[in-house]
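Subject: Structure handover

Hello,

Here is the structure I promised to pass on. Please open it and keep it beside you as you read.

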Amino acid sequence: MRIRIVDAFTDRPFTGNPAGVLLLGPDGFPEDEWLQNVALEVNHAETAFAHPLPGGGDADWALRWFTPVSEVAMCGHATLATAHVLRTTGTHTGPVRFATRSGVLRASSREDGTLTLDFPTAPLTPVDAPEGVAQALGADPLAVFDTGPNIGDLLIEVADEKTVRGLTPDLGALARYSGRGVIATARSADPGRGYDFVSRCFFPNLGIDEDPVTGSAHTALAPFWSERLGRPDLTGLQASPRSGLVRTAVRGDRTLLTGGAVTVIEGELLV
């Protein structure tokens, strides 16, 4: 069984968000314990496991995602990484449909070599800032939103890009405020630099202190900023140390996420 590490939402190795990708045989998924152990061994934010489905159905591949400590309901960068592996190995040609816990997700190639994911738009519900969240995050919230069951984050707008970049949150305290974690965001200080908004994502409940580039978070960031900036098509910069760009397009109840991917490691899984 081949195992690959793919850097997603980037066009350069050692940037973007790394994901493990394993393409399984048609017999289905192994036991959950084995999947979780492999994800812990890979020890990246997510490891994706996919197996082909019989023809004629609503999806081409079944897809699941595991962090080092748990399975998640949605993951953008590992879906992008899986689509990249299917394309670059010739295992699947053309658009691909994935059956997941979040419904059928689609991925398609673009002429420039990037991939576009078709994900459900996250429902945003304004909420009061929980007591203590400003201290845990290290910044005063301007607005706070619940992002719905697929993501399970708090989306917190802060004053400016400088504030986002300078955050040093208390991760233990931050873990109390949402199911998955916290998305901190602000408008770009200079849209001329090629991005409209910035974000950082902290997921201590999943064993991920800071996620490098989070596709699923952009299903909430895209509608949030599209409404404020008055444009459906935007580019977000996730300002983690590895960094990465996500091009977003809000299409009603669906959000398109576009980015590149690079395979950096390929090997053989022996267990």
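Below is what turned up, from the whole chain down to single residues.

**The chain as a whole**

Keep in mind that this is a predicted model. The chain has six helices and 18 strands. Its radius of gyration is 18 Å, close to the 18 Å that the globule rule gives for 271 residues, so the chain is as compact as a globular protein of that length. Along the principal axes, the C-alpha atoms fill a box of roughly 50 × 40 × 30 Å.

Buried residues account for 57% of the 271. The chain exposes about 11500 Å². Carbon and sulfur atoms supply 50% of that area.

Now the contacts. Take those between residues at least 6 apart in sequence. Of these, 63% join residues at least 24 apart.

**Charges and salt bridges**

There are 22 positive and 33 negative side chains. The centres of the two sets lie 5 Å apart. Side chains of opposite charge can pair when their charged atoms come close. How many salt bridges does a search of the whole structure find? The search gives 15. Here are three of them to look up.

- Arg180 and Asp153: the closest N and O atoms are 2.6 Å apart. This pair links distant parts of the chain, 27 residues apart. Arg180 sits in the loop between helix H5 (171-174) and strand E12 (181-187). Asp153 belongs to strand E11 (residues 153-157). Is Arg180 buried or exposed? Its relative accessibility is 8%, under the 20% cut-off, so Arg180 counts as buried. Asp153 is buried too, with a relative accessible area of 0%.
- Glu161 and Arg165: their side chains meet at 2.9 Å, N to O. Both are in helix H4 (residues 161-165). They are four residues apart, so about one helical turn separates them. Glu161 is buried, at 5% relative accessible area. Arg165 counts as partly exposed, at 40%.
- Glu71 and Arg64: the closest N and O atoms are 2.8 Å apart. Glu71 has 23% relative accessibility and counts as partly exposed. Arg64 has 16% and counts as buried.

**A buried threonine**

Next, go to strand E3 (residues 46-52), where you will find Thr47. Thr47 is buried, with a relative accessible area of 0%. Which residues is Thr47 in contact with, leaving aside its neighbours within four places in sequence? They are Gly20, Leu22, Ala39, Val42, Arg64, Trp65 and Phe66. Notice Arg64 in that list. Arg64 is also the salt-bridge partner of Glu71.

**Helix H6**

Last stop: helix H6 (residues 218-229). Nine of its 12 residues are buried, so H6 is largely enclosed by the rest of the structure. Among the buried ones are His218, Leu221, Pro223, Phe224 and Trp225. Thr219, Ala220, Ala222 and Ser226 are buried as well. Just after H6 comes Gly230, with a positive phi of about 75 degrees.

That is the tour. Happy looking.

Best wishes

Methods
Residues are numbered from 1 along each chain as its sequence is written. This is a predicted model: local features need pLDDT of at least 70, side-chain atom pairs count only at pLDDT 80 or more; totals for chains, interfaces and linings use all residues. Side-chain values use heavy atoms; hydrogens and water are left out. Helices (H or I, at least four residues) and strands (E, at least two) are DSSP runs, numbered from the N terminus. The radius of gyration is taken over C-alpha atoms; the globule rule is 2.2 Å times the number of residues to the power 0.38. Buried means under 20% relative accessible area, exposed over 50%, partly exposed in between (1.4 Å probe, protein chains only). Contact means heavy atoms within 4.5 Å. Accessible areas come from the Shrake-Rupley method with a 1.4 Å probe; for residues, only the protein chains shown count as cover. Lys and Arg count as positive and Asp and Glu as negative; His and the chain ends are not counted. The place of a charge is taken as NZ of Lys, CZ of Arg, CG of Asp or CD of Glu. A salt bridge is a side-chain nitrogen of Lys or Arg within 4 Å of a carboxyl oxygen of Asp or Glu.
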